[in-house]
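Here is a brief report on one structure.

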Amino acid sequence: MPTLADIISDINLRLPHSTNSFTDAIKAGWMNQLQYEVWRWLATTNTTSFEATTTSTTYTLSTNIIPDQIKRVRVYDSTGTTGGYQDYTFADWDSMEGSNWYIKNTGFGLYPAVTTTVNVEITHVPKPADLSATGASTTIPVLDSEFHELYKYRVMKIIAQAGNSPDIELANNYQALEDEMMGKIKMQYYRKKQAMPAGKPWSYKRGWYNG
């Protein structure tokens, strides 16, 4: 699997003059900007679990969990294996009835508060971890390897646009390649979305429900 160092090395090979003005850290920063733009299209989900107790009403979530990218909240009994589970949905502030989950500035809360220790399982599309030139030789970017060229196109486009004598033609070529690959990522996303099981659609307010 190509690493961040491999990607930067290929950029430096294609545009050797880039190493004179642009450090690896700067290039990694531009790749992070790209990730922020495309991560919602990645269509991959992670599951995070934590224990909720009667002594707490709100809980701190991992920084890679974004409220509007939470797809399901499921609450299990204390062992997580017996007694079944209950799906929680986003709290309707006009009518907070029954069991709901909600997000607020101070953390993630369950409503009503639990009366016994339970395990909470959150399925979400994770925000990608920032890329850093430090440790680049072992860092694997979040995009699938088939889309790693997208990182290169973005960085090389910016470099081509930089300076007092920008190479507009080269920048436009990289932009066209970037647009083409972005189209493939979006197409992959919609194909996965169409493959979801039949049922009621996902909505931010009520959550994903297949029943």
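## An aromatic pair and its cluster

Trp41 is partly exposed, at 22% relative accessibility. Here buried means under 20% relative accessible area, exposed over 50%, and partly exposed in between (1.4 Å probe, protein chains only). Tyr190 is also partly exposed, with a relative accessible area of 39%. The ring centres of Tyr189 and Tyr190 are 5.2 Å apart and the planes stand at 70 degrees, so this pair is edge-to-face. Rings of Phe, Tyr and Trp (its six-membered ring) pair if their centres lie within 6.5 Å; planes under 30 degrees apart are stacked, over 60 edge-to-face, and the rest tilted.

The structure holds seven aromatic pairs. In one of them, Trp41 and Tyr190 have ring centres 5.9 Å apart and planes at 65 degrees, so the pair is edge-to-face. Trp41 lies in the loop between α3 (24–38) and β1 (46–52), and Tyr190 in helix α5 (residues 168–194), so the pair ties together parts 149 residues apart in sequence. Helices (H or I, at least four residues) and strands (E, at least two) are DSSP runs, numbered from the N terminus. Ring pairs link Trp41, Tyr189 and Tyr190 into a cluster.

## Basis of the model

This is a predicted model: local features need pLDDT of at least 70, side-chain atom pairs count only at pLDDT 80 or more, and totals for chains, interfaces and linings use all residues. Residues are numbered from 1 along each chain as its sequence is written, and side-chain values use heavy atoms, leaving out hydrogens and water.

## A charge over a ring

The charged end of Arg74 sits over the ring of Tyr85, 3.6 Å from its centre. The criterion is NZ of Lys or CZ of Arg within 6 Å of the ring centre and within 35 degrees of the ring normal.

## Pro128

Pro128 is placed in the loop between β7 (118–124) and α4 (148–161). Pro128 is buried, at 7% relative accessibility. Leaving aside residues up to four places away in sequence, Pro128 touches Gln35, Trp39 and Val142. Contact means heavy atoms within 4.5 Å.

## Helices α4 and α5

α4 and α5 pack at an angle of about 155 degrees, with their axes 8 Å apart. That makes α4 roughly antiparallel to α5. Angles under 35 degrees are roughly parallel, over 145 roughly antiparallel, 65 to 115 roughly perpendicular, and the rest oblique. Axes are lines fitted to C-alpha atoms, for helices over the stretch in contact, with angles from 0 to 180 degrees between N-to-C directions.

Residues that meet across the pair include Tyr153 and Met156 in α4, and Tyr174 and Leu177 in α5.
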